[in-house]
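Student: I've got a model open and I'd like to learn how to read its features. Can you walk me through a few?

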Amino acid sequence: MKLRIPGFPFPAELLFPGAVFRISSTEKVLCLTFDDGPHPGSTPGLLRILDETGVKAVFFCSGRQAEKYPELLDAIKKHGLSVGNHGYAHRSGWKTGLKEYCADVYKASSLTSDTLFRPPYGRILPCQYRRLSKSFTIVLWDIMPFDYDKKYGAARSSRLLSRNIRPGSVIVLHDTPASSCRSFLSDFIRQSIKRGFRFELIPQNI
């Protein structure tokens with residue numbers, strides 16, 4: 001069975017000083033984030049769940065998707081949620097040169113965000129990080145429950161998420177039709193609130 005690690009290994013914090021893996025807090029705070037949208041097959045459902053539970057989240061949107069579905073990007077903002085930059089064409093930093101990678105991120109800035117950036121796949125090289133961190137707060141994550149993988153399954157993703165949250169956790173889910181997160185998100189939010197957690201956006205003064 002493929003080894004699954006929900007968070008980043010310790011050396012990543014040394015390679016990317018100043019990146020956000022967790023919110024610095026001893027309080028029971030969580031931050032929900034969604035990658036890869038917007039998409040008509042998933043975004044409206046996520047917005048409905050967030051409305052029903054009264055929770056805020058950050059949508060790290062692909063520039064290409066934002067350009068294709070501007071009405072969905074507007075809907076995210078009208079719901080009082082944050083939009084982050086997830087690059088324009090979802091390029092892997094491990095396979096893309098410095099100039100091309102950064103140009104892709106900056107291309108998405110006017111469509112998504114010029115302040116928050118999450119590397120697609122979490123794959124970014126130190127040289128790319130150094131360049132982009134001059135303009136963006138780079139947001140990675142503390143927990144990835146593999147909701148994008150149909151073979152992993154919604155039940156396992158839900159269990160992994162519930163068992164691994166801790167004060168300050170930044171959670172990455174996916175705003176795509178293939179993601180299983182819409183099937184467990186509402187229950188996860190309600191159970192987390194019962195456990196004393198609250199959900200907040202990424203602080204702007206990090």
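Predicted model: local features only at pLDDT ≥ 70, side-chain atom pairs only at ≥ 80, totals over all residues.

Student: What do I look at when two helices pack?

Tutor: Two packed helices are described by the angle between their axes and by how far apart those axes are. Here, take helix α2 (residues 43–53) and helix α4 (residues 70–78): their axes come within 11 Å and cross at roughly 10°. Angles under 35 degrees count as roughly parallel, so α2 is roughly parallel to α4.

Student: Which residues make the contact between α2 and α4?

Tutor: On the α2 side you'll find Thr43, Pro44 and Leu47, and α4 brings Leu72, Ala75 and Ile76. Sorted by class, that contact has five nonpolar residues, one polar and no charged ones.

Student: Okay, now charges. How many salt bridges are there in the whole structure?

Tutor: The general idea is that side chains of opposite charge can pair when their charged atoms come close. A search of the whole structure turns up six salt bridges. One of them joins arginine 198 to glutamate 27, with the closest N and O atoms 2.6 Å apart. Arginine 198 sits in strand β7 (residues 198–199) and glutamate 27 in the loop between α1 (11–15) and β1 (29–35), so the pair ties together parts 171 residues apart in sequence.

Student: And pockets? What lines the second largest pocket?

Tutor: Check the space and then the lining. The second largest pocket holds about 160 Å³ of space. Its lining includes Phe8, Phe21, Arg22, Trp141, Asp142 and Arg166.

Definitions and conventions. Residues numbered from 1 in each chain as written. Heavy atoms only, no water. Axes fitted to C-alpha atoms, helices over the stretch in contact; angles between N-to-C directions. Helix = DSSP H or I, 4+ residues; strand = E, 2+ residues; numbered from the N terminus. Parallel < 35°, antiparallel > 145°, perpendicular 65-115°, else oblique. Contact = heavy atoms within 4.5 Å. Nonpolar A, V, L, I, M, F, W, Y, C, P; charged D, E, K, R; others polar. 1 Å grid on protein atoms, 1.4 Å probe; cavity = no way out; pocket = protein on both sides within 12 Å on 5 of 7 lines; lining within 4 Å. Points joined across faces, edges and corners; volume = space filled by probe spheres on them. Salt bridge = Lys/Arg side-chain N within 4 Å of Asp/Glu carboxyl O.
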